[in-house]
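Trainee: Could we go through some of the labels used for this model and ask what each one rests on?

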Amino acid sequence: MMKTEMQLKLQAYLDGELPASESRGVRDLLANDREARELLTELSQTRDLIAAHEAGVKLPETREFYWAKIQRAIAPESQGGRQRSPGVPLLGWWRRILVSAGAVAAVAIAVLLSWSHATGGSDAVTISDGATLFTYRNYATDTTLVWLDYGSGTDFSNDSEGAKLTP
Amino acid sequence: MDHSTATDDALVRFARNGDMAAFEELVARHRDKLYARAYTMMRNEDEAIDLSQEAWVKGWQRLAQFQGESSFATWMTRIVINLCLDQLRKRKRQRAESIEAMDEESGGVERQMPIVMVNPAAGLEREDLRSRIDEALGKLTETHRTVLVLHEFEQMEYKNIAKIMNCSIGTVMSRLFYARRKMAALLQDLKKAG
């Protein structure tokens, strides 16, 4: 079996990385050693196979969809705004905006509901996928309790959530 | 201005002046190549999409640094490769290397593999061959796959691979040798199985 050093020289010869001074030694080896010739053939075939592989890999998204996410990330910068960190996952960024907007909308709906009820009692309204708004109005004490429920399986620990007490 | 007929160099000039439509055209032209490079290194579609998009964002931010010493596509490919390497380093820190990699680092495994005598590509349709190579690439460790990608796809010299992977030229040669021999063996096995 060939020594490791000679195997690596054979590979360097194939890759055109062997100094001219050492190439003659490898050529002599190839002329006299069948194992060396077979190894060179194997390395050469494998190299050619791999090089031809990437041509078939295509992006599994449309041009528009792929570009839209890039555009959202670079648009604030081109408009002189603050650049969002590229390290923040795009999906998470949008999710935070949507959840915040949903919370604001929920409070607005709660205020409207509390005005529209003539008598005391409770109400529940589904405001988005998986989120429900609950209200309780007590006219004796002239208070309205409002809370948001995102369901037990949802973690929005970074977002505003909970009860608001309005007089 | 019809961006679709402009050269890459012209589009880069427009993009430097804030022309996002010009940059979009560059993305459209080279998105498959960047994605393919990221996918080959990461072996995960979602991760490859995210990293390639992050590369485009960085490319936009660094357009002023592009001097035209290489083609724009090559410059962008280097950015995505660096992002993939960073991601792989993070992963590596989070878990131990595989036993296979440890074997390779200690040396000797690749020398004991029998030489593959039959061309594994013989008789295979192009698409079939591509999927088998893809499967075999997926069975390499990240370190070996990265050396292969940098050498076979990027045509990088040993010394440049050593620099980017922060190791010696001897280690690059050893890893490349192991990766090729392993690929030959895997493709041979796949051919037998098929």
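Trainee: Why is B:Asn166 called exposed?

Mentor: In this predicted model, B:Asn166 has 9 other C-beta atoms within 10 Å, and because the label exposed applies at 12 or fewer, B:Asn166 is exposed.

Trainee: Where does B:Asn166 lie, and what is its phi?

Mentor: B:Asn166 is placed in the loop between α8 (158–165) and α9 (169–193) of chain B, and its phi is positive, at about 60°, although B:Asn166 is not a glycine. Most residues other than glycine have a negative phi.

Trainee: What makes B:Arg43 partly exposed?

Mentor: Around B:Arg43 there are 16 other C-beta atoms within 10 Å; a residue is exposed at 12 or fewer and buried at 20 or more, so B:Arg43, with 16, is partly exposed. B:Arg43 sits in the loop between α2 (20–42) and α3 (45–61) of chain B, and, although not a glycine, B:Arg43 has a positive phi of about 65°.

Trainee: How many residues of chain A are in contact with chain B, and what makes a pair count as a contact?

Mentor: There are 35 residues of chain A in contact with 43 residues of chain B, where a pair counts if the C-beta atoms lie within 7 Å.

Trainee: Which elements give two or more residues to the side of chain A that touches chain B?

Mentor: They are α1 (4–14), α3 (34–51) and α4 (63–78) of chain A, with α3(A) giving the most, 10 residues. By class, that side of chain A has 17 nonpolar, nine polar and nine charged residues.

Conventions:
Residues numbered from 1 in each chain as written. Chains lettered and ligands numbered in written order. Predicted model: local features only at pLDDT ≥ 70, side-chain atom pairs only at ≥ 80, totals over all residues. Helix = DSSP H or I, 4+ residues; strand = E, 2+ residues; numbered from the N terminus. Contact = placed C-beta atoms within 7 Å. Nonpolar A, V, L, I, M, F, W, Y, C, P; charged D, E, K, R; others polar.
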